[in-house]
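Here is a short tour for anyone who likes to check a model by its contacts, rings and angles. Have the viewer open and follow along.

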Amino acid sequence: MELSFEQKKKIFELHQEGFGYKEISAKFNVARAYVQYICRLIDRHGLESVYHEYRTYSIEEKETAILRVIEGHESIFSVAIDIGLPSRSSLSSWVKSYKENGYNVVIRKKGRLRSNVREKEDTRGVGEGKRRTSPKSFEAYNRERIYKKIRCLNYRGRKEEKEKTTKVVTELRQELKCSLAFILETINENPSLPNLAKSDYYYWLNRTDPDAKNTKLMEEIKRIFKENKDFGYRRVWLELRKTGWTVNHKTVKRLMSKMNLYAQKKKAKYKSYLGDFNGTVDNVLLYKVVDEKNHKTEYKRNFSTSGVNQKWTTDISEFHIAAGKLYLSPILDMHNNEIISYNISTSPNYKQITDMLNKAFTKFSDLTGLIFHSDQGWQYQMKPYHKALKEHGITQSMSRKGNCLDNSPMESFFGRMKTEMFYGHEYEFETLEDLKTAMDEYIDYYNNRRLQPKLKGLTPCEFRSQSVYSI
C-alpha cells in the first residue's frame with residue numbers, strides 16, 4: 001500500500017509523540033518495518049525525503065551503494081536510509097539487477113523506444129549485418145567479471161582464503177570458458193586481490209577433507225546435540241567422554257562449528273538504554289566518601305527516608321510467555337516499598353510512562369521536593385518526561401550507566417515479583433490477558449496483604465497509613 005506525503009508526515013508526528021511502530025502500523029494498515037523506515041528516513045533527512053519526486057542516480061552512486069551491501073556487509077535498511085532513498089525496495093532491486101547482469105550496474109533509459117530503433121534491435125544479428133564482439137572487449141569483460149567475483153569473497157584466514165579462491169576460480173573456468181593461466185594472471189597482477197599460485201590452486205583443488213576420518217564421531221555429536229539442544233561443545237565433549245570417546249574438546253568445537261551446531265542462547269532481557277541523547281541527569285542518591293587516611297574514595301547510595309513521598313523509583317521489566325510479551329512500568333516508594341502506580345503494556349512506549357505518571361499525580365497533588373530515580377532508559381531522557389516532573393516540583397535522578405545497583409530497590413521488587421508469581425508458571429498463562437490479570441492481582445496482594453519484616457510486620461499500605469498518622 002502506497003502512502004501519501006500527508007500520511008507519512010502523520011506517521012512521523014505520531015512516533016514523535018511516543019506511539020510505537022506496532023501501533024502506528026496497525027492504524028495505517030502497513031508493515032511495521034515500513035513505518036520504522038519512514039520515521040528513520042525523515043529523522044535523518046527531513047520531510048523532503050518522502051516527497052514522491054522522481055530522482056535519477058548515477059552509475060557511480062548506485063555502484064557505491066550496492067558494494068556497501070555486498071562487500072561491506074551493511075544492511076539494505078541502513079544503506080537506503082543513509083543515501084536517502086524514499087523506499088528501501090529500490091536498493092534491493094539494484095542489488096538483484098547487479099548480480100543478474102554479471103555484477104554490472106543496470107541503467108535504464110527513460111521513455112519508450114522509437115519503432116525504427118526496435119526494428120533495428122529485432123533484426124540485429126541477422127544475415128551479413130551481424131555485429132560481433134571484438135576479442136579485446138571480450139577479454140576486458142572477462143577481466144572485470146573476475147575482479148568483481150574475487151572481490152566479493154569473505155574469509156577469516158590464509159587457508160580459508162586459498163580454499164575459497166580456488167573454488168571461485170574453478171567456477172570462473174566453467175562460466176567464462178577461459179584458460180586457468182588467463183584467470184590466475186588476471187588475479188595475480190592486481191595487488192588488491194588475494195594471490196594464488198598455480199601449484200596452490202591444484203593443491204586445494206585436489207585436497208581431501210581432513211575430517212573424513214571423523215565421520216563416526218560427527219554422527220555421534222549430531223545424535224547428542226539432537227537429544228540436548230542446550231548443549232554447547234563443552235557438555236557435548238563431556239557426554240562423549242562418558243560414552244568412551246577419547247577426543248580433544250577443541251576438535252569437538254571445530255566439528256560442531258563445521259556442522260553449524262550451536263547451543264541455544266539465553267533470551268536477552270529487555271534493555272531500555274539506547275544511548276545518551278543529551279537527556280541524562282546526575283545520580284542525586286549517590287554521595288562520595290573520602291578516606292584521607294588510606295587515600296581511598298568510595299561512592300555510596302542513600303536510599304534512606306524519614307517519610308513517604310520523599311524518594312520514588314521506577315523502571316521497566318519484561319514478562320515473556322509463548323503468547324507474547326508484556327512490559328510492566330511501576331513507581332515504587334522507597335519509604336514503604338509501596339507500588340504507587342503502574343502500567344502494563346504490550347510495547348515499551350512513552351504512552352505507558354505518561355499513563356503511569358498521570359495515575360501517580362492524580363493520587364498526590366503536592367509532590368514538591370520529591371526525588372524521582374530511574375535508570376538511563378530512553379523514556380526517562382525525553383523532554384516531555386523532564387517537563388512533567390519539573391511542573392510538579394520533582395527532582396529527577398538517574399543511575400550511572402551500566403550500574404544496576406544504583407536502582408536496587410526497583411530491581412529487588414521485580415526479582416521478588418517474578419519469583420513469587422512468574423518463574424516456573426510461564427506455561428500456565430495461555431494468553432496475554434491471563435498474564436495481565438495475574439500481574440494486577442499480585443500487585444494488589446503485594447500492596448495490601450503481603451507482610452514485610454522490614455516494615456515491622458505490616459503491609460506497604462498499612463505502613464503508609466501509620467507513617468501519615470504519626471506525622
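## Charges over rings

Let's begin with a lysine and a tyrosine: Lys359 lies over the face of Tyr342, at 5.8 Å from the ring centre. A charge is said to sit over a ring if NZ of Lys or CZ of Arg is within 6 Å of the ring centre and within 35 degrees of the ring normal.

## About the model

This is a predicted model, in which local features need pLDDT of at least 70, side-chain atom pairs count only at pLDDT 80 or more, and totals for chains, interfaces and linings use all residues. Residues are numbered from 1 along each chain as its sequence is written, and side-chain values use heavy atoms, with hydrogens and water left out.

## The chain as a whole

The chain has 19 helices and eight strands; helices (H or I, at least four residues) and strands (E, at least two) are DSSP runs, numbered from the N terminus. Of its 471 residues, 40% count as buried. Buried here means under 20% relative accessible area, exposed means over 50%, and partly exposed is in between, with a 1.4 Å probe and protein chains only.

Contact means heavy atoms within 4.5 Å. Taking the contacts in the chain between residues at least 6 apart in sequence, 63% join residues at least 24 apart.

## Aromatic rings

The structure holds 14 aromatic pairs. Rings of Phe, Tyr and Trp (its six-membered ring) pair if their centres lie within 6.5 Å; planes under 30 degrees apart count as stacked, over 60 as edge-to-face and the rest as tilted. One aromatic cluster is formed by Trp312, Phe364, Phe372, Tyr380 and Tyr385.

Ile353 and Tyr380 are 27 residues apart in sequence, yet 8.6 Å apart in space, C-alpha to C-alpha. Ile353 is buried, with a relative accessible area of 0%.

## Helix 17 against helix 18

How do helix 17 and helix 18 pack, and at what angle? Helix 17 (residues 408-421) and helix 18 (residues 432-448) meet at about 115°, and their axes are 11 Å apart. The axes are lines fitted to C-alpha atoms, for helices over the stretch in contact, and angles run from 0 to 180 degrees between N-to-C directions. The crossing of the two is right-handed; a crossing is left-handed if the near helix is turned anticlockwise from the far one by less than a right angle, and right-handed if clockwise.

On the helix 17 side the contact is made by Phe413, Arg416, Met417, Glu420 and Met421, and on the helix 18 side by Ala438, Met439, Tyr442, Ile443, Tyr445 and Tyr446. By class, this contact has nine nonpolar, no polar and two charged residues. Here Ala, Val, Leu, Ile, Met, Phe, Trp, Tyr, Cys and Pro count as nonpolar, Asp, Glu, Lys and Arg as charged, and the others, Gly among them, as polar.

Helix 18 also holds Lys436. This lysine is partly exposed, with a relative accessible area of 29%. Leaving aside neighbours within four places in sequence, Lys436 is in contact with Leu326 and Ile344. Lys436 and Thr346 are 90 residues apart in sequence and 9.9 Å apart in space, C-alpha to C-alpha.

## Two buried helix residues

Thr165 belongs to helix 9 (residues 158-176) and is buried, at 1% relative accessible area. Not counting residues up to four places away in sequence, Thr165 touches Ile150, Leu153, Pro194 and Leu196.

Phe182 sits in helix 10 (residues 180-188) and counts as buried at 14% relative accessibility. With neighbours within four places left aside, Phe182 contacts Glu139, Asn142, Arg143 and Ile146. Phe182 and Asn142 are 40 residues apart in sequence and 9.6 Å apart in space, C-alpha to C-alpha.

## Positive phi in loops

Asn309 has a positive phi of about 60° although it is not a glycine. Asn309 lies in the loop between strand 2 (296-301) and strand 3 (311-314) and, at 19% relative accessibility, counts as buried.

Is Lys456 buried or exposed? Lys456 is exposed, with a relative accessible area of 67%. Its loop runs between helix 18 and helix 19 (460-470), and the phi of Lys456 is near 60°, a positive value in a residue other than glycine.
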